[in-house]
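Here is a brief report on side-chain contacts. It covers aromatic rings and charged groups.

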Amino acid sequence: MNLITLESISKSYSEKKLIENISLGINDGDKIGIIGVNGTGKSTLLKIIAGKMDYDEGKITKGSKVRIEYLSQSPEFELSDTVLGQVFRGNSDEMKLIRDYEYYLEKSRNNEDVSDKLIEIQGKIDALNLWEMESEAKKVLTKLGISNFNEKIINLSGGQKKRVALASALITPCDILVLDEPTNHMDNETITWLEEYLNSKQGAIIMITHDRYFLDRVTNRIIELDRGNLYSYEGNYSVFLEKKLERMENEKSREEKKQSLIRTELKWVKRGAKARTTKQKARLQRFDELVSSVDEIRKETLDISVASSRLGKKVIEINNISKSYGDKKLIDDFSYTILRNDRVGIVGNNGMGKSTLMKILNGDLSVDSGSIDKGETVRIGYFSQESDHMDVNMRAIDYIKEAAEFIENAEGVRISASQMCERFLFDGTLQYTHIGKLSGGERRRLYLLKILSMAPNLLLLDEPTNDLDIETLKILEEYLDEFNGAVIVISHDRYFLDRICDKIFAYEGRGYIKQYPGNYSDYILRKEIENIKEEANSKVVVENKSDKNDIKTPKSSDKKLKFSFKEQREFDTIDEDIEMIEEKISKIEKEIENAATDYSLLQELIEKKEKEEKLLEEKYERWEYLNQLSEEIERNKLEAKKK
């Protein structure tokens with residue numbers, strides 16, 4: 001069933017045409033993802049669909065009973081309100097009814113006689129079956145990491161406020177749910193829950209997100225905005241990539257035919273044909289149109305080609321650092337030596353201290369104990385999560401010139417700040433636009449350009465994927481592949497972590513940071529294995545406890561639980577064995593660092609390291625088993641003494 005239809009919609013800002021003559025129909029059951037380069041009008045299109053913005057031309061047809069709920073990229077909040085109060089601030093009849101109920105209920109508590117009004121409202125709530133809505137709101141808030149429902153909005157972080165706004169959008173009854181960047185500021189566990197929630201939600205969903213795994217798992221249709229045009233693809237993100245490739249190949253084929261025709265026409269023009277006849281004039285006009293059409297389909301591409309400075313052997317040595325805020329321990333006795341070509345991803349739930357670690361590495365925060373030893377050649381580029389340090393009254397070009405008037409690209413050529421801005425898709429007009437008038441994605445792209453313009457050799461990236469479009473992310477990923485330095489990144493974008501990282505630091509509670517080899521998918525697999533083992537061990541303990549509660553006389557044939565001779569020897573030496581293997585891996589990593597140009601030796605060392613890491617994993621599994629067995633033996637000994 002069709003819910004809303006857009007016909008020939010156009011929208012401009014000043015001279016810039018964002019949306020031009022586009023048409024779109026949204027049907028019940030559609031789960032649509034909108035993608036496109038920052039500044040192409042994605043948020044504008046959502047606002048037009050949601051009725052939050054007027055359009056210049058075209059027509060929108062919507063069913064009279066079709067209800068639309070909209071989550072803005074920058075929601076508005078009543079700062080004096082509570083979390084639960086903010087959730088029920090929607091404009092639907094249901095939300096108004098619940099607010100009225102809360103209002104008159106508070107009056108009755110103050111001994112005001114409003115019983116008749118309360119009875120009337122309760123009857124309406126009964127008729128609409130809304131008593132479960134508050135329970136649903138609390139459930140959704142909890143899943144989104146908000147547990148204090150009476151907390152004032154003013155006391156929440158930016159990410160927490162966005163999640164409260166999302167909760168409000170999710171529980172509001174609607175036919176079309178419109179979401180602008182719903183996964184920003186979310187940890188991976190919450191994103192996984194949101195995927196499941198949206199997959200089970202009735203009605204239609206249309207959203208902007210740059211999380212490619214999220215798009216792949218939730219959407220059944222992709223809409224691409226490209227230079228004012230709209231392209232629709234049935235299927236998820238993977239299908240979109242395949243179909244877009246087909247479209248680009250077809251366009252390329254048409255372009256080659258046009259180029260061939262232009263060459264033919266050019267020969268005719270060069271022969272000096274005199275434009276006297278109508279036929280000749282028409283042919284010249286056709287030549288001009290062909291050239292113009294080629295210019296129209298030439299697509300601008302972001303070019304991240306920025307030089308990095310030389311990095312010595314020593315980068316940063318982190319020695320037993322700890323950091324707390326009050327009673328909350330964020331980092332507990334953490335040590336690590338950052339290597340020259342490290343690609344480390346930091347993961348963990350929000351508020352656990354990931355950004356704190358980044359700020360310590362950047363020198364913005366001091367540690368409570370331990371030390372940070374930085375190499376002399378290290379030049380840090382810190383891309384923080386916040387962009388509020390940017391002066392909104394400054395022009396884009398002046399912001400970049402603060403870093404450098406001239407910038408050296410990857411080929412060693414000095415180019416002007418203006419030329420580099422153009423490579424980052426800031427044309428002449430956009431360069432002299434005030435930062436406050438740029439879109440959220442354009443600001444992040446400008447901020448990234450400034451960081452890279454400083455030629456860093458150690459990149460600290462805190463949520464770099466927030467607000468950056470997918471095309472920019474792809475090019476950033478390619479740049480990081482070739483980046484001649486270390487990269488430490490905090491991200492909730494699972495695709496980005498899989499694409500970039502070969503090591504994961506996971507916050508696992510009470511300041512403990514555990515290191516895992518491999519990318520994010522490898523980390524998840526290891527965590528699943530760990531959880532299975534924990535469940536199995538818990539089951540063994542529960543069964544043993546159950547056995548102890550059974551009233552029966554032990555038989556003389558019952559075997560006494562104990563280590564075998566081989567297990568006892570292994571148990572006595574396994575800690576030293578693990579330490580030796582870890583030292584070997586550390587030594588190999590240093591050898592790898594020094595063998596960067598000797599590819600034959602490098603391959604040999606990498607294979608050697610993989611072999612040791614596999615052995616280490618096996619030792620950890622044995623350590624878990626032997627320690628569990630030791631605990632059971634000790635428990636049996638204690639019980640035997642009691643008897």
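## Aromatic pairs

Tyr-233 and Phe-240 are both buried (under 20% relative accessible area; exposed is over 50%, partly exposed in between; 1.4 Å probe, protein chains only). This is a predicted model: local features need pLDDT of at least 70, side-chain atom pairs count only at pLDDT 80 or more, and totals for chains, interfaces and linings use all residues. Residues are numbered from 1 along each chain as its sequence is written, and side-chain values use heavy atoms, with hydrogens and water left out.

The structure holds 10 aromatic pairs (ring centres of Phe, Tyr or Trp, its six-membered ring, within 6.5 Å; planes under 30 degrees apart are stacked, over 60 edge-to-face, the rest tilted).

## Charge over rings

Lys-450 lies over the face of Tyr-399, 4.1 Å from the ring centre (NZ of Lys or CZ of Arg within 6 Å of the centre and within 35 degrees of the ring normal). Arg-217 sits over the face of Tyr-213 at 5.0 Å.

## Salt bridges

There are 23 salt bridges (a side-chain nitrogen of Lys or Arg within 4 Å of a carboxyl oxygen of Asp or Glu). One joins Glu-402 and Lys-450 at 2.6 Å, N to O. Lys-450 counts as buried, at 11% relative accessibility. Salt bridges with shared partners link Glu-195, Asp-211, Arg-217 and Arg-494 into one network.

Lys-314 pairs with Asp-373, the closest N and O atoms 2.6 Å apart. Lys-314 is partly exposed at 35% relative accessible area, and Asp-373 is partly exposed at 31%.
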